[in-house]
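The explanation below follows the structure from one contact to the next.

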Amino acid sequence: MREVEIAPTFEDWRQAARELLLHDIPPDEVVWVDASSHDPSRLDFDKTARPSPGGPKSPLISVPKSFVDLARRVAEHHDPARWSILYRLLWRLVHENRDLLRVATDPDVAAAARMGRSATQGAEGPSAMGQPPQLEPDAAIAAAFLPTDLSLPALREAAARCTGCALYKTATQTVFGMGPTEARVMFIGEQPGDQEDLAGAPFVGPAGEVLTRALAEVGIWRHEVYITNAVKHFKWEPRGKRRIHMTPRLQEIQACRPWLEAEIETIKPSMIVCLGATAAQSLMGPQFRVMRNRGRAFQTRWAPWLMATIHPSAILRIDDPAAQEQAYADLVADLRIVAVRLEEERRSKTLGELPPAAEK
Ligand code: URA
């Protein structure tokens with residue numbers, strides 16, 4: 001163990017963390033000590049426990065800008081654990097997963113996000129009057145709005161205040177997922193449409209009608225499943241008096257991912273059905289092709305069984321009645337696979353008896 005004394009500032013932590021990282025010193029070997037808490041007048045604190053500047057490796061350490069932004073905010077917090085959480089995050093970003101900040105349910109990410117949020121709110125002071133902080137779009141920023149309690153009511157309430165990307169500015173409200181916490185199947189669409197934006201509920205417009213009808217045909221009742229969207233705000237552009245749907249950008253999908261992950265973490269569905277490319281790519285990556293993979297089940301870290309199919313709105317956009325009918329029949333066929341699996345699960349009662357899908 002080595003004690004590393006720093007002045008309680010982002011800059012000093014960054015310098016020390018950089019030196020530690022360059023010398024390959026893992027987080028569990030470091031104890032961070034706030035020099036000002038020892039003796040506030042002592043600014044020339046001893047840094048001998050730090051490795052000497054300039055490590056044996058390349059001095060280039062590249063981390064996402066979102067981490068630097070988050071770390072700056074976390075540094076403003078008063079919790080003494082903030083320095084070790086930040087260093088652990090930095091270490092893991094470099095050694096484990098550069099996309100770590102997107103894993104909103106990771107304990108380190110969640111802790112940093114919470115500290116970053118309360119530090120920002122504190123900095124804004126009483127004048128903020130409960131207004132969410134105005135921040136740059138980023139998954140780490142949306143994650144900062146996540147509540148400590150990952151129950152559906154708490155998530156829904158917190159999501160209503162999310163300003164993690166710019167879409168909240170033009171939407172009427174956040175449209176959070178709906179369904180029972182104990183749902184075994186989670187359906188994920190793209191984003192709320194015009195009617196969903198006004199009603200504050202997912203899939204209640206024309207696409208929702210198609211989905212509800214197709215589900216009923218295979219014996220799945222809407223109220224027994226959880227239905228949500230990859231993006232929780234309606235993205236639109238005006239055309240005359242109408243609001244025309246616009247496809248969300250990758251950055252917006254990623255910004256909203258902490259909410260989707262938190263829903264998955266809370267519900268722990270045994271089956272996930274992605275409706276359309278946005279939902280599928282949000283969880284399976286941008287290379288995933290729905291038309292190539294529809295109806296196939298994948299074992300994923302999100303659920304032991306994940307399947308993608310076409311989005312009900314795609315059916316509504318088909319002009320030719322015969323082609324539309326065929327597309328609807330294909331959707332029903334895909335949903336029947338879900339229904340069969342759901343029935344098997346009901347019968348086997350214990351999920352462990354069911355084989356997982358093929359590894360992804
Ligand atoms: N399309 C979606 O993807 N989601 C909705 O909630 C409505 C339409």
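Helix α1 passes helix α3 in a right-handed crossing. In this predicted model, the axes of α1 and α3, the latter spanning residues 65-75, come within 9 Å and cross at roughly 125 degrees. That angle makes α1 oblique to α3. On the α1 side the contact is made by F10, E11, W13 and R14, and on the α3 side by F67, V68, A71, R72 and A75.

A pair of aromatic rings is described by the distance of the centres and the angle of the planes. The structure holds eight aromatic pairs. For W13 and W32, the ring centres are 6.4 Å apart and the planes stand at 40 degrees, so the pair is tilted; an angle under 30 degrees would have counted as stacked, and one over 60 as edge-to-face. This pair links distant parts of the chain, since W13 belongs to helix α1 (residues 10-22) and W32 to strand β2 (residues 30-34), 19 residues apart. Both W13 and W32 are buried.

Aromatic rings also meet charged side chains. The charged end of R213 sits over the ring of Y328, at 4.4 Å from the ring centre. K232, in turn, lies over the face of F176, and the distance to the ring centre is 5.7 Å.

A further helix pair is formed by α10 (residues 250-267) and α11 (residues 277-284), whose axes come within 11 Å and cross at roughly 80 degrees. Angles of 65 to 115 degrees count as roughly perpendicular, and α10 and α11 are therefore described in that way relative to each other. In this contact, I253, R257, L260 and I264 of α10 meet T278, S282 and L283 of α11.

The last point concerns a loop. Where is P304 placed? P304 lies in the loop between β8 (297-299) and β9 (306-309). Its relative accessibility is 27%, so P304 counts as partly exposed. The C-alpha atom of P304 is separated by 6.4 Å from that of A357, although these two residues are 53 residues apart along the chain.

Definitions and conventions:
Residues numbered from 1 in each chain as written. Predicted model: local features only at pLDDT ≥ 70, side-chain atom pairs only at ≥ 80, totals over all residues. Heavy atoms only, no water. Phe/Tyr/Trp six-rings, centres within 6.5 Å; stacked < 30°, edge-to-face > 60°. Helix = DSSP H or I, 4+ residues; strand = E, 2+ residues; numbered from the N terminus. Buried < 20%, exposed > 50% of the residue type's maximum accessible area, 1.4 Å probe, protein only. Lys NZ or Arg CZ within 6 Å of the ring centre and 35° of its normal. Axes fitted to C-alpha atoms, helices over the stretch in contact; angles between N-to-C directions. Parallel < 35°, antiparallel > 145°, perpendicular 65-115°, else oblique. Left-handed = near helix turned anticlockwise from the far one by under 90°. Contact = heavy atoms within 4.5 Å.
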